[in-house]
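Subject: Handover of a structure

Dear colleague,

Please find below the structure that I am handing over to you. A summary of what was found in it comes after the display.

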Amino acid sequence: MFVIILLAVVILIVCVVLMSIRVILKKDGRFPDMHVGNSKALKEKGIYCAKTQDWVAGREKNLFERLDV
């Protein structure tokens, strides 16, 4: 039982180190921003995050359309 837990912890540590090599070795390294709103390719296609899309859709409706549920 102890060997399995120890093995799992070692595997997790190795995975975290391998995923962060770019961040550790690069000067001013950062993890890539995976937010939809910050993607250049999605911005070019006019795709935003759900919160922004809801805000834009709400701005396009007049008061009567918003009250009609």
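The notes that follow begin with the chain as a whole and then turn to single elements and residues.

Please bear in mind that this is a predicted model.

Overall form. The protein chain contains five helices and zero strands. Read from the N terminus, the order of its elements is α-α-α-α-α. The radius of gyration of the protein chain is 22 Å, whereas a compact globule of 69 residues would have one near 11 Å. The C-alpha trace extends over about 65 × 35 × 20 Å along its principal axes.

Surface and charge. Of the 69 residues in the protein chain, 3% are buried. The accessible surface amounts to about 6900 Å², and carbon and sulfur atoms account for 67% of that area. Among the side chains of the protein chain, 11 are positive and 7 are negative. The centres of these two sets are 10 Å apart.

Helix H1. This helix covers residues 2–19, which is 18 residues in total. From its first C-alpha to its last, H1 reaches 26 Å, close to the 26 Å expected at 1.5 Å a residue. The number of buried residues in H1 is zero, so the helix lies largely in the open.

Cysteines. Cysteine 15 has a relative accessibility of 36% and therefore counts as partly exposed, a class that runs between 20% and 50%. Cysteine 49 is classed as buried because its relative accessible area is 16%, and the cut-off for that class is under 20%. As for its place in the chain, cysteine 49 sits in the loop that joins helix H3 (40–44) to helix H4 (50–60). Between cysteine 49 and methionine 34 there are 11 Å from C-alpha to C-alpha, and the two are 15 residues apart in sequence. A search for disulfides across the whole structure finds zero.

With kind regards

Conventions
Residues numbered from 1 in each chain as written. Predicted model: local features only at pLDDT ≥ 70, side-chain atom pairs only at ≥ 80, totals over all residues. Heavy atoms only, no water. Helix = DSSP H or I, 4+ residues; strand = E, 2+ residues; numbered from the N terminus. Rg over C-alpha atoms; globule rule 2.2 N^0.38 Å. Buried < 20%, exposed > 50% of the residue type's maximum accessible area, 1.4 Å probe, protein only. Areas by Shrake-Rupley, 256 points an atom, 1.4 Å probe, with all protein chains shown as cover. Lys, Arg positive; Asp, Glu negative; His and termini not counted. Charge placed at Lys NZ, Arg CZ, Asp CG, Glu CD. Disulfide = S-S within 2.5 Å. Expected span 1.5 Å × (residues − 1).
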